[in-house]
Amino acid sequence: MDDFRGRLTKDGIRIHNPEDSAGMYKAGALTARILDDIAAMVEPGVTTAAIDSEIERMVNEAGATSATIGYKGYQHASCISVNHVVCHGIPGSKVLKNGDILNIDVTTIVDGWFGDSSRMYVAGKLGRKAERLIQVTHDALFMGIEAVKPGNTFGDIGHAIQSYAESQRMSVVRDFCGHGLGTVFHAPPNVLHYGRAGTGPVLEEGMFFTIEPMINLGRPETKVLADDWTAVTRDKSLSAQFEHSIGVTADGFEIFTLSPSGKFHPTYS
Ligand code: MF3
Ligand code: CO
Ligand code: CO
């Protein structure tokens with residue numbers, strides 16, 4: 001399998017070796033465990049900065065590195081995106097209140113491999129509309145993942161996500177996308193969460209990338225706040241996101257960031 005090593009497709013997508021999956025599973029497992037363990041802290045009254053500090057502590061305790069601290073000037077171990085924040089919410093003095101929904105996005109580096117995942121959490125009691133948004137977003141991610149197998153295209157992934165989300169009268173954010181990863185954080189291709197079946201690069205065994213759809217209850221447009229990071233829905237509607245790091249296998253997919261305790265979905269009571 002040595003001929004796999006370091007090969008780039010014509011679209012610049014790295015084809016990894018079979019043994020590289022082990023590195024991705026290690027990093028992915030740490031990220032997933034941190035996302036599991038932080039759930040206990042998400043309650044009304046807690047600040048997003050306190051949650052982020054605990055995530056940073058857990059990354060350090062594991063002897064790993066945060067991929068986000070120092071990334072393009074970002075200074076935190078997580079992004080915490082509350083309610084109408086679409087992504088890249090900066091942890092800070094914001095206090096969670098009852099009914100808030102939030103995405104926590106963590107990327108760790110273990111032995112040089114990147115594990116990138118995010119999930120939704122709820123502070124206190126989950127409202128009906130928010131619950132439906134979270135369920136649809138979660139299911140849309142998995143419909144995208146189910147489209148991952150050699151011979152399918154990236155457009156098939158986007159199409160699966162978009163057609164499901166829109167069938168539920170929700171919208172797919174266009175301004176942010178998933179990405180290749182491995183020994184780097186963000187690599188080709190851009191993994192769009194919308195698109196036409198059969199378009200885009202063909203999936204090949206050994207590709208590693210994220211799928212991380214952001215779905216809005218209202219319109220898809222976003223804007224970035226003056227802090228240059230925080231992306232919000234223009235119409236202030238609620239937004240949700242789930243993210244897994246994925247590999248293409250000989251006959252389908254592998255998920256590097258699966259929850260060790262089955263807690264990926266927030267309503268895991
Ligand atoms: N983890 C995010 C992603 O899914 C990237 C965050 S970059 C940061 O790609 F600088 F905002 F942290
Ligand atoms: Co990502
Ligand atoms: Co992420």
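Predicted model: local features only at pLDDT ≥ 70, side-chain atom pairs only at ≥ 80, totals over all residues.
I then looked up the volume of the largest pocket, which is about 400 Å³. Of its 24 lining residues, H88, C177, H179, H186 and E212 are the closest to the centre.

Which strands supply at least two residues of this lining? I found β6 (101-110), β9 (178-180) and β10 (187-191). The largest share comes from β6, with 3 residues.

Next I checked the metal. The cobalt ion (ligand 2) has four residues as protein donors: D116 (OD), H179 (NE2), E212 (OE) and E243 (OE).

Why is the arrangement around the cobalt ion (ligand 2) irregular? I looked at the angles: the 6 donor atoms subtend 51 to 160°, and that makes the arrangement irregular.

I noted the spacing of the donors along the chain as D-x62-H-x32-E-x30-E. H179 and E212 link distant parts of the chain, 33 residues apart. H179 sits in strand β9, and E212 in the loop between β11 (208-211) and β12 (214-216). Are they buried or exposed? Both H179 and E212 are buried.

D116 bridges two cobalt ions, ligand 2 and ligand 3. I read 3.3 Å between these ions.

Last, I turned to the second largest pocket, with a volume of about 160 Å³. Its lining includes T48, H84, K94, K97 and T230. I sorted that lining into 4 nonpolar, 5 polar and 2 charged residues.

Conventions
Residues numbered from 1 in each chain as written. Chains lettered and ligands numbered in written order. Heavy atoms only, no water. 1 Å grid on protein atoms, 1.4 Å probe; cavity = no way out; pocket = protein on both sides within 12 Å on 5 of 7 lines; lining within 4 Å. Points joined across faces, edges and corners; volume = space filled by probe spheres on them. Helix = DSSP H or I, 4+ residues; strand = E, 2+ residues; numbered from the N terminus. Nonpolar A, V, L, I, M, F, W, Y, C, P; charged D, E, K, R; others polar. Donors = N, O, S within 2.8 Å, 3.2 Å for Na, K, Ca; no water. Tetrahedral: all angles 85-135°; square planar, octahedral: opposite > 155°, others 65-115°. Buried < 20%, exposed > 50% of the residue type's maximum accessible area, 1.4 Å probe, protein only.
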